[in-house]
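Please keep the sequence and the coordinates open while reading.

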Amino acid sequence: MPALDETSVQFLKGVGPARKKLFGNLGVHSIEDLLYFFPRRYEDRRKITPISALKPGEMQVAAGFVSAKGGRRSFFNRKHLFEIILEDDDAKVFCTWFNQPYLANYFHPGDKVVVYGRVEVFNSKIQIVSPEYEIITDGDETLSTGRIVPVYPLTKGIGQRYLRKVMWYALEHYAGDLADVIPAAVRERQALWPVGKSLRQVHFPDDEKAQESADHRLCFDEFFLFQVSVILRRLSFLKKRGFAHFIPKEFHERFLRAFPFCLTAAQGRAIAEIAQDMQKKTPMLRLLQGDVGSGKTVVSFFGCLAAVTNGHQAALMCPTEILAEQHFVTFTQYFSEGPFGEVRVALLNSALKKKDKEALYARIKAGEVDVVIGTHALLEEGVEFRDLSFVAVDEQHKFGVKQRALLSSKGENPDVLVMTATPIPRTLCLTLYGDLDVSVIDEKPEGRGAIKTYHFTGAQAEGVYKRVAEWLKKGTQAYIVYPVIEENEKADLKAATDMYERFRKDDLKDFQVGLVHGRLPKGQAREVMERFKRHEIDVLVTTTVLEVGIDVPNANVMVIENADRFGLAQLHQLRGRIGRSEKSAVCILLGDPASDEGRRRLEAIIQTTNGFTIAQNDLEIRGPGQYFGRHQHGINELRVVNPLTQIDVLEAARKEAVELVKADPALKAHSLVRGTIRKRYPEYLKRVLAG
Ligand code: ADP
Ligand code: MG
């Protein structure tokens with residue numbers, strides 16, 4: 001029998017070619033993919049509340065038959081309103097949806113329906129607004145009612161009940177065939193459930209406890225395989241031969257004196273660690289972690305200069321053009337003709353004209369450029385170095401593992417420094433980045449003014465703009481930030497642009513107002529930023545392009561519009577743009593949070609400026625599973641797991657992984673582990689498990 005990861009879902013009952021395609025939209029191709037397609041959440045439908053017992057204010061499940069339906073315009077806001085009346089033996093409840101007229105074709109009198117939502121009293125009637133809903137037909141009673149029911153992420157054409165049916169069928173027929181990747185001895189020691197049982201219980205749990213045990217087992221799998229791959233990668237890395245840079249004490253000291261400020265002790269430690277690594281023949285792979293404003297950039301310059309004074313080249317990659325530009329300017333200011341003689345530094349971004357770009361490529365290849373600072377443009381095929389020995393990646397969470405690898409592949413095992421402001425608790429960091437060494441900058445430069453953060457409602461905005469005008473008059477500069485999210489980009493950009501016009505003509509007409517966002521023509525954003533830096537612009541209306549890295553110390557006021565629409569980490573990054581001088585700074589959050597989450601985020605950001613505390617809050621507010629976005633941390637391969645909520649499992653898995661690799665470094669006796677890792681982390685392990 002072919003393996004389940006090679007058997008198409010089309011072999012399942014109820015899946016034809018059309019549905020197979022739709023499953024593809026969900027990333028589900030094989031039967032194994034389907035079994036590992038996990039519920040977004042669960043609904044406890046063991047307790048269906050009789051309609052007469054529904055309690056206002058609570059989230060509840062009710063069931064009944066549709067006795068009437070109808071659509072109309074709402075009297076209040078002219079929105080389309082569709083309503084059904086659901087009846088059971090002795091009571092009825094109104095279920096209401098706005099702007100979904102098509103529901104009229106979905107529900108029919110007599111349908112048995114289960115709904116889930118917050119119960120309210122309106123005009124002395126019991127109602128549920130926008131509940132989750134499902135029509136129950138006889139055949140699927142057992143999958144959709146009277147149990148803990150899985151709720152899956154969906155795509156058009158694949159509904160909950162259908163998916164549950166197919167899933168049930170797949171579990172019945174195939175879950176038992178899955179080979180157990182975890183070696184029996186490990187399973188026993190860790191008291192893990194068999195994989196088949198775990199999959200059944202993660203989809204259709206008997207009760208909460210069963211679901212937890214199943215989760216535990218599946219998390220363990222993920223962590224274990226991930227850890228084995230990380231450890232193998234680390235081992236293979238240690239065998240590589242890279243550059244042994246010569247870094248005399250005198251060089252080190254000269255570097256420390258190159259700035260108009262004293263480096264912090266933490267910066268000094270990080271630099272010393274980098275110096276040590278770079279002198280070794282094995283390549284460096286080091287993560288530099290430090291909160292926003294802790295001064296990571298100058299630390300990366302140390303590596304660049306060490307490479308250059310040893311006769312090699314260095315590259316620094318940034319996620320945005322603005323940031324690349326800024327690092328380029330800073331580097332030039334200190335080092336182009338500074339204490340290390342002439343250092344030839346170039347800026348490479350996609351704004352370069354074709355001719356200039358080609359000329360620059362040629363100079364890089366000939367070794368006529370020492371340090372290249374740039375964006376993703378650095379990764380292009382045409383970029384070849386003569387002799388690249390040091391690579392730094394700024395804000396590395398914006399890049400994937402692949403991109404990091406691609407940049408280093410432009411040299412012969414160069415030393416690599418990746419930088420991030422995403423705070424991760426120390427123990428977790430060691431485990432997740434088992435293949436990286438870690439330096440932490442845990443203090444900020446002295447003499448930074450405090451940042452005060454306040455929340456005002458949208459109705460108070462005018463007053464806030466007046467205050468901003470007063471601050472501007474005193475010579476400080478300000479940011480006014482607008483959220484732009486992908487789904488709503490057009491409208492969001494328009495809001496920012498409209499407000500820019502309004503500020504220019506009205507609220508802030510006595511000042512120079514600038515606008516930057518991600519859709520400006522090439523070069524224009526840069527020009528505006530430069531003018532802001534030179535203080536030819538007083539107040540910058542901007543979108544989230546500001547989020548990473550920008551450094552303008554005289555900007556000490558920030559207004560964040562619709563602040564509840566931003567994530568916590570994002571708010572923290574944004575606020576990190578101010579408070580960069582000795583003056584105190586003010587951050588004003590404008591907005592009327594509609595959700596509880598939104599409110600809690602604002603509270604959290606007001607309470608502290610400590611990145612670690614904020615990360616922890618973020619986790620608590622968001623709940624499991626959402627903390628790590630894709631592409632973050634190089635662990636985007638993980639399927640089920642939120643490492644932060646599962647630290648125990650993570651640590652147990654790491655221990656077992658270490659033991660396994662110690663006993664069997666080539667995984668000769670563990671071909672299933674080896675095969676699975678090779679399949680699951682192909683990029684990560686390309687060469688490690690070759691053969
Ligand atoms: P981040 O860690 O967020 O990348 P940056 O490297 O952009 O921070 O540094 C923020 C600002 O602090 C820059 O203007 C930089 O020149 C300045 N800076 C860095 N180190 C120190 C220091 N030791 N003392 C004073 N200012 C510093
Ligand atoms: Mg930075």
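## Ser439 and its partners

The side chains of Ser439 and Arg286 form a polar contact of 2.7 Å. A second polar contact, of 2.5 Å, links the side chain of Ser439 to that of Glu273. A polar contact here is a pair of N or O atoms within 3.5 Å; within protein, one must be able to donate a hydrogen and the other to accept it, and residues adjacent in sequence count only if both atoms are side-chain atoms.

Ser439 belongs to strand 15, residues 437–441. Helices (H or I, at least four residues) and strands (E, at least two) are DSSP runs, numbered from the N terminus. With a relative accessibility of 1%, Ser439 is classed as buried; buried means under 20% relative accessible area, exposed over 50%, and partly exposed in between (1.4 Å probe, protein chains only). Not counting residues up to four places away in sequence, Ser439 touches Ala270, Glu273, Arg286, Leu287, Leu288 and Gln289, where contact means heavy atoms within 4.5 Å.

## Basis of the values

The model is predicted: local features need pLDDT of at least 70, side-chain atom pairs count only at pLDDT 80 or more, and totals for chains, interfaces and linings use all residues. Residues are numbered from 1 along each chain as its sequence is written, chains are lettered from A and ligands numbered from 1 in the order in which they are written, and side-chain values use heavy atoms, with hydrogens and water left out.

## Ligand 1

Ligand 1 is surrounded by 16 residues, and Gly293, Lys296, Thr297, Arg448 and Asp551 are the closest; a residue counts as near if one of its heavy atoms lies within 4 Å. By class, this shell holds five nonpolar, six polar and five charged residues. Ala, Val, Leu, Ile, Met, Phe, Trp, Tyr, Cys and Pro count as nonpolar, Asp, Glu, Lys and Arg as charged, and the others, Gly among them, as polar.

An oxygen atom of ligand 1 is 2.4 Å from a polar side-chain atom of Asp551. For Arg580, a polar side-chain atom lies 3.5 Å from an oxygen atom of the ligand. Cys262 takes part through its backbone, with a polar atom 2.8 Å from a nitrogen atom of ligand 1. On its own, ligand 1 has 570 Å² of accessible area, of which the protein covers 88%; the areas come from the Shrake-Rupley method with a 1.4 Å probe, and for residues only the protein chains shown count as cover.

## Nonpolar cores

The largest nonpolar core comprises 42 residues, and Phe255, Phe331, Phe335, Val371 and Phe390 have the most contacts inside it. Helix 10 (residues 296–309) contributes the most to this core, with nine residues. Apart from it lies another core, of 31 residues, including Leu143, Ile158, Ala175 and Phe204. A nonpolar core is a set of buried Ala, Val, Leu, Ile, Met, Phe, Trp, Tyr and Cys residues joined through side-chain atoms within 4.5 Å.

## Loop residues

Asp564 sits in the loop between strand 20 (555–560) and helix 18 (568–575). Asp564 counts as buried because its relative accessibility is 14%.

Asn123 lies in the loop between strand 5 (112–122) and strand 6 (125–129). Its phi is near 50 degrees, a positive value in a residue other than glycine. Asn123 is exposed, at 59% relative accessible area.
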